[in-house]
Amino acid sequence: MSSSSTQLVLTKGMGIYDPFHQVSMWGDSFKVDGSLNSIASPMLMMKPRMENKNECTPHESMETSGDDQETNSKVLRRLAQNREAARKCRLRKKAYVQQLETSRVKLVQLELEIEKARKQGLCIRSATDFSYMAPSATINSGITMFEIEYGQWVEEQDRQNEELRNALQTHASDSEQLHLLVESSLNHYSNLFRIKADAAKADVFYMISGAWKSSVERLFLWIGGSRPSQLLNIIVPQLEPLTDQQLVSINNLRLSSQQAEDALSLGLEKLQQSLVHNIPSDPFVVGYYEFEVAAAKEKGEALEGFVNQADHLRQQTLLHMSRILTIGQAAQGLLAMGEYFHRLRALSSLWTARSCDPAYPTHHSN
């Protein structure tokens, strides 16, 4: 056996310090988060050539010196600093995630509020109904504002209808409260015609198509609203027995309303025909639309005038009707008209829910 081997045997037998075994133990004890880059231990910085040495160093020569203790304390401080930095990083990340979640909740709430305002008095429409959406998907702010205001208008009308109903059930027909409620209801309709006029300036085609109304209401559409003569047919049967003079005045009002409706319908039909003629029909003419667009813009301004005139006719019919009737009768008529539109919107909502429900039977079995 060589002297080298004999020395190793003696080392094991006498319990003398084994450098290779000690390096392995120290390496395991200083592993933090799988990295040793931040540890400045002299034993871990041993030169590679020391691994091949067969000489054994006595245990007494490796006793911890003052420099080693100072180095170990620095390592411990560095580890503590790393743990504190990691803890703060986790806290910042948690706070950031909570902030994102709070922002997401606020965004969802805002979207729900906008959707609620849009749906008040409006039926859920398909994407093709949003005529105010330009090809570039730019939203017309004027029409968006109108839809929000109209939703609020419908909510206020439902509240006024409830007040009229309660007043008719609990008060005399000539009470001061009914005067105030009738006046408030007429002003409320005037406000509707005002916001419609503003919306017509933003997009007259949107207004005249009735895209802002529910699907059932659009079934009875006439130039962006209802026919005044049709409203009279709804109101009159709901009134208390009328005098002969009142019946004559109502019939005259109905006749004048129908004549004005016919005149506006005829003018609108001629305008539509002129719009059709301005649209190029030659399939070989492509890309030259300047003249047609200018002509269509001029016709659009004329179309806006028809919408405003139709609303003016509706407003004047309501005012004349309120002058013919007593306060109690006017309250009954306004309540009947409000309930009529409310039923149309409710029917539209029920129809939409039926169409969107896959469980609802689409046909009846024999």
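Colleague: How many salt bridges does the structure hold?

Modeller: Eleven. This is a predicted model, where local features need pLDDT of at least 70, side-chain atom pairs count only at pLDDT 80 or more, and totals for chains, interfaces and linings use all residues. Residues are numbered from 1 along each chain as its sequence is written, and side-chain values use heavy atoms, without hydrogens and water.

Colleague: Why is the contact of glutamate 84 and arginine 87 called a salt bridge?

Modeller: The term requires a side-chain nitrogen of Lys or Arg within 4 Å of a carboxyl oxygen of Asp or Glu. Here the N to O value is 2.6 Å, so the pair meets the definition.

Colleague: Where do glutamate 84 and arginine 87 lie?

Modeller: Both are in helix H3 (residues 66-119), three residues apart, about one turn of the helix. Helices are DSSP runs (H or I, at least four residues), numbered from the N terminus.

Colleague: What makes glutamate 84 partly exposed?

Modeller: Its relative accessible area is 31%. Buried means under 20%, exposed over 50%, partly exposed in between (1.4 Å probe, protein chains only). Therefore glutamate 84 is partly exposed. Arginine 87, at 38%, also counts as partly exposed.

Colleague: How do you know that arginine 159 forms a salt bridge with glutamate 156?

Modeller: Their closest N and O atoms are 2.3 Å apart. They sit three residues apart in helix H4 (residues 141-170), about one helical turn.

Colleague: What separates glutamate 162 and arginine 165 in helix H4?

Modeller: About one helical turn, as they are three residues apart. They form a salt bridge, with closest N and O atoms 2.6 Å apart. Glutamate 162 has 40% relative accessibility, so the residue counts as partly exposed.

Methods
Helices (H or I, at least four residues) and strands (E, at least two) are DSSP runs, numbered from the N terminus.
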